[in-house]
Amino acid sequence: MAARYRAIFCLNQFFGGLGGEDKAYLAPQLLEGARGPGIFLERLVPEVEVVATLVCGDNYLAEKTELAISEILALLRPWFENEEKDRVHLLLAGPAFNAGRYGLACGAICKAVRECFAVPAVTAMYPENPAVEEYRKDVLIARAGEDVMAMEESLKNMAGLACKLLQGEELLPGRDDYIPQGRRKNYFAEKSGAVRAVDMLLKKLAGEPFSTEYVMPVFDRVAPAPAVQDMAIARLALVTSGGIVPHGNPDRIEAANASRFGAYPLQGLSAFSAETHQSAHGGYDATFANENPNRILPLDVVRELEAEGAFGSLHDTYYATVGNGTSVANAKKYGSEIAKRLLADGVQAVILTST
Amino acid sequence: MTKAIEEKGIAVVHACSIVPISKTVGANRILPTVAIPHPFGDPDKDPEEEKKMRKELVEKALRALATPIDQQQVF
């Protein structure tokens, strides 16, 4: 079937084939035709033709979001404001899977493009991606798998939803596989709410499965802990998800999807150095961290401040994991285990650094 | 991790470069840092200046830990 819809496809520097973490500060650029997942998409969904690929570095977009978005809109404007026959119909971004920076980029680009050019802009993410909460109300986010293994179904789902939108079809959570946007829709039901509620209750009492019509939001928030009263006598601890480990990574903490955290001694250590410590993180360019690990976990100045009396004392162990695609459940588990050890040593305050 | 530690009543300051992620995840005391691959450093600065900046950031982190808050706050 001939392509009916002309699309711009947005990718980060990895999927766009321009480089790894060394190219994470790449400014947005528009390349002709399809790249990487875009080529695959054209094969999977022949209705869609990828006319151009927008590639932007993960760090560039995450750190300079406003600038990046204005540059991206300027690059895309001619395509969306073209003459009718050459006009682009939609924008696809991702899938971002469970990648935080990539998810934020896809969300920000889709939101801006939809608002600026009034065309469908669809992305796909794993439901735990931190960008979901930020963008799900403004952006249609197709459900994607956790990592690139799920590329095929995630692409199909994302493009399928976009085609439906272009055909003027209605999308409904439950029927279509996307992250609900929290909208309410009026419709005529056969039975009144009271009858439906009692039906549900009877099913519940009988132990039969039933599904609610209104899913309650889960607020997984923690109240702020009280401020430290007297910093001069407080015990402080250092924790990082930036992957700073002793040289050689003795616990073999994984570069992504870490299955553990490490607890490492600080006794007698006045600073980290390239000889003693390194980064085990696979989600950023570790050149600067390996040169000087204090750039991730600032032990050198923490020791100076301890000597100057800016706080009481430093807990003599630091805790590290790699926060790269780590599941929420695992992060929670590591946090709880670390908290137990901190409490046992009377720690009142923590500096937790992330990359 | 931040929340699981804070849940036990220990004040945590989350120092990171992508503030929107920290907010979404639910950290309460958030300290924006320099850049993703070097939150507490800047390889373009000379080492002394870089260390001075790092110290100022940690001092800011300590101030955040000593600041009473009742909701998320970016310092």
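Residues are numbered from 1 along each chain as its sequence is written, and chains are lettered from A in the order in which they are written. Because the model is predicted, local features need pLDDT of at least 70 and side-chain atom pairs count only at pLDDT 80 or more, while totals for chains, interfaces and linings use all residues; side-chain values use heavy atoms, with hydrogens and water left out.

**Nonpolar cores**

A nonpolar core is a set of buried Ala, Val, Leu, Ile, Met, Phe, Trp, Tyr and Cys residues joined through side-chain atoms within 4.5 Å, where buried means under 20% relative accessible area, exposed over 50%, and partly exposed in between, with a 1.4 Å probe and protein chains only. The largest such core has 109 residues, and those with the most contacts inside it are Leu91(A), Val113(A) and Leu65(B). Helix H4 of chain A (residues 100–117) gives the most to this core, with ten residues; helices (H or I, at least four residues) and strands (E, at least two) are DSSP runs, numbered from the N terminus. At least three residues of this core come from each of domain 1 (5–166) and domain 2 (231–353) of chain A, with domain bounds taken from an automatic or database domain assignment.

Contact means heavy atoms within 4.5 Å, and, leaving aside its neighbours within four places in sequence, Leu91(A) is in contact with residues including Ile8(A), Phe80(A), Ile109(A) and Val113(A). A second, separate core of 16 residues includes Tyr319(A), Tyr334(A), Ile338(A) and Val12(B).

**Backbone features**

Most residues other than glycine have a negative phi, and most peptide bonds are trans. A cis peptide bond, with omega about 0°, joins Gly94(A) and Pro95(A), and Pro95(A) lies in strand S4 of chain A (residues 90–97). Phe97(A), which is also placed in strand S4 of chain A, counts as buried because its relative accessibility is 4%. Arg252(A), by contrast, is found in the loop between strand S8 (244–246) and strand S9 (262–265) of chain A, and Arg252(A) is exposed, with a relative accessible area of 65%.

| Residue | Phi |
|---|---|
| Phe97(A) | near 50° |
| Arg252(A) | about 50° |
| Gly309(A) | near 85° |

Gly309(A) follows helix H9 of chain A, a helix in which Leu299(A), Val302(A) and Leu305(A) are among the buried residues. The buried residues of H9(A) pack against S7 and strand S11 (313–314) of chain A together with helix H3 (47–65) of chain B.

**The contact between chain A and chain B**

How many residues does the contact take from chain A and from chain B? Chain A gives 60 residues and chain B gives 51 residues. Together the chains bury about 4600 Å², 68% of it on carbon and sulfur atoms, where buried area is the accessible area (1.4 Å probe) that two parts lose on being put together, summed over both. Val222(A), Arg295(A) and Leu352(A) supply 15% of the area that chain A buries against chain B, more than any other three residues.

Five salt bridges are counted between chain A and chain B, a salt bridge being a side-chain nitrogen of Lys or Arg within 4 Å of a carboxyl oxygen of Asp or Glu. The side chains of Arg295(A) and Glu50(B) meet in a salt bridge at 2.5 Å, N to O. On the side of chain A that touches chain B, the largest share, nine residues, comes from H10(A).
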